[in-house]
Structures are given as structure tokens and as C-alpha cells.
Amino acid sequence: MNLFPRKVKERAAHPQNRLEVLDEGTQLPKSSTQRSQEAVSPSTTGRQGGSLSIAPERPRRQVILSTVRKEQPLKRYNRDLSRSRQGQERREREKRSKEELDPVDECAHTTHSFNTLLKNSVKKPREERRQIAIKVITKMRTVSVPLDKDTFNWLLQLLMDSNETDCFQIYEQMKEDAATNREDNNLRPDIQTYRSLIRACERSGDFTKAFTLFAEMKELYGIQPDVVMYNTLMGFCVLRRDENQASQLFEEMKERKVQPTVHTYNCLMNVFAESPTELLSQMFEDMLKQRIPANLRTYNTLMRACQ
């Protein structure tokens, strides 16, 4: 029993498939395709006897996929693939149209909407992030949408890898808004604000300004530094070989009861890498007493100091 019969071939005796030899001068009959094109493509006589012909749109071919399940071999399941293809083409057209629109101009005029736009732009290329940040703050100022702390923090996060000047301009605007609206605590800088600023100083190599911001954060706004902030500043001390500043930071961590990490001790030992090995051994023992596991960088630092 043949469950899948082959396609029935067209009979050779069909009049449309018959090839006839005509005498010279005899006009060939028009095919069905030519007749349909003439019916769809009207010609209009315009000025000076000119004619305009419109080419017919090619009809979309229907594609049917027939499948059979193992449990029911006598039953066929047909699926129209042309419909799914049309849906895919429609989604691609919608995606292209959305990409052509400027997201800043299409954004709703609310603080939350602009913050969401900035948040979704963090992983974009550096130059594109900078353009979006400048457009957003210009648009919000133009349409009088208030900026809050999250807005400034997202702007700093978009600009910290591109240009130090842009970052500190945003920071000055943040302080001006906070001074104007003293009752609004949602405009005061927080630790995330200073993380972005110190990161911008790291990119530009301006370590002096980084320590100035660190002191301003504690004295002016009373922000408690965390271990990430101390580790970043410890990394600056490694680059500058500043043993006094590294010792002050480590003692300050103890006073503020900030738990150090293996990165803290690695930076501290790298600063004192040229000191006597007894000092490095004491740091290593102190780290083990606090149950902080050493990593590969720790042992590399110790081995380099012993050479």
C-alpha cells in the first residue's frame, strides 16, 4: 500500500502541452501568463500619446509542509510556511523601523522613562553611550523633566569611560541641583556616584583628584566607603608605589571595621614588594588568620619578593 503517492504527471496529450508547428506569418496564440499580465497591467494614454504601464506584482507562492507522526502514519499534518515567513518579514520591518527612530526623541517625558533608557544603554559602544547621555540630559532640561540621583548616576556610568571632563560637568550639575533643592535628599551624591568619578580618574591617570574625591565623599556628605572603594584606591597606590598612602588606607579600614579581601592584601603586598620579606610574611599570616584564602596572585607576589 503506497501511503505517499507520487505527483501525477501531466498528460502529454493535454492541449496546453502540445507543440504545434505553424506556418510562417501565423500569429502564435497568447499564453495564459501573457493574458493575465495584460489584464493586470493597464496602459493609459497620457499627454502627447504617451503610455504608462504598471508591472504586475508577483504573487506570493504558498508553501505547505506535510509531516507524518510515527503514532499515526496514515494521517498527514499540513503547515503553511508562507504565513510564518510573512510574520517573520513583518517583525523584521518593525525592528528596522524602530532602529531608525531616535530612542531619546521617542522616550516618554518622565524621569523613570529616561532612567530606563540610560540603564539599557550601558552595554552599547563607548561613543554611542556618550551621545545618548548628552542627548538625554539636553532633552530633559529642554522639556523640564526633573533629574534625580539615579539619572545622574546612570549618566556618570555612561560617561566614565569616554571623557573625564564630561563626568565632572555632570557632577557639578548634580551638586548645583542638590544645593538648590536642599530638602530633596534624592539629589545628594552617594557611593555609586563617587565610584564612577574615581573610575574616570583611573582612566585618565589623575590619582590626586581621586584621593581628593575620596576625602570629599567622607567629609562633605558623610558617605561610608566600602571595600570596593578601598581596593580601587589600593590599586592606585600600587601604580604609584605609595607606601604611606597604602598604610593609611589599610589602617582606616580597620578603624571603620571594613573587612578586607584577598584583593586588598594583594595590593598591599605589591606596594611593599621591595620591602624585607619578613613584612610580607607578616601580611600573609595576618590574611590567613582572618580566614581569607590566598589566590594565584598572592603566591606570585610572595615568590617575586623572595627572588
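**Aromatic pairs**

The model is predicted, so I kept its thresholds in view: local features need pLDDT of at least 70, side-chain atom pairs count only at pLDDT 80 or more, and totals for chains, interfaces and linings use all residues. Residues are numbered from 1 along each chain as its sequence is written, and side-chain values use heavy atoms, with hydrogens and water left out.

I opened Phe214 and Tyr230. They form an edge-to-face pair, 5.7 Å centre to centre with 75 degrees between the planes. This pair links distant parts of the chain: Phe214 lies in helix 9 and Tyr230 in helix 10, 16 residues apart. Helices here are DSSP runs of H or I with at least four residues, strands are runs of E with at least two, and both are numbered from the N terminus. Are Phe214 and Tyr230 buried or exposed? Both are buried. Buried means under 20% relative accessible area, exposed over 50%, and partly exposed in between (1.4 Å probe, protein chains only).

Next I took Phe284 and Tyr299. This pair is also listed as edge-to-face, at 6.0 Å centre to centre and 65 degrees between the planes. Phe284 is in helix 13 (residues 277–289) and Tyr299 in helix 14 (residues 296–306), 15 residues apart. Phe284 counts as buried because its relative accessibility is 16%. Tyr299 has a relative accessible area of 43%, so it is partly exposed.

I also noted one aromatic cluster, formed by Tyr171, Tyr194 and Tyr221. Then I checked a charge over a ring, which requires NZ of Lys or CZ of Arg within 6 Å of the ring centre and within 35 degrees of the ring normal. The charged end of Lys209 sits over the ring of Phe168, 4.4 Å from its centre.

I turned to helix 10 (residues 227–240). Its 14 residues reach 20 Å from first C-alpha to last, close to the expected 20 Å. That expected span is 1.5 Å times one less than the number of residues. The buried residues of helix 10 include Tyr230, Leu233, Met234 and Cys237. Among the elements covering its buried residues are helix 8 (191–204), helix 9 (207–220), helix 11 (243–255) and helix 12 (262–271). Just after helix 10, Arg241 takes a positive phi of about 55 degrees.

Which residues touch the most other members of the largest nonpolar core? They are Val136, Tyr194, Leu197, Leu233 and Leu249, out of 64 residues. Helix 10 gives the largest share of this core, eight residues. A nonpolar core is a set of buried Ala, Val, Leu, Ile, Met, Phe, Trp, Tyr and Cys residues joined through side-chain atoms within 4.5 Å.

Leaving out residues up to four places away in sequence, Leu249 touches Phe211, Phe214, Tyr230, Leu233, Met234 and Cys237. Contact means heavy atoms within 4.5 Å.

**Thr151**

I ended on Thr151, in helix 6 (residues 149–159). Thr151 is buried, since its relative accessible area is 0%. Its side chain makes a polar contact with the side chain of Asn115 at 2.5 Å. A polar contact is a pair of N or O atoms within 3.5 Å; within protein, one must be able to donate a hydrogen and the other to accept it, and residues adjacent in sequence count only if both atoms are side-chain atoms.

Methods: Phe/Tyr/Trp six-rings, centres within 6.5 Å; stacked < 30°, edge-to-face > 60°.
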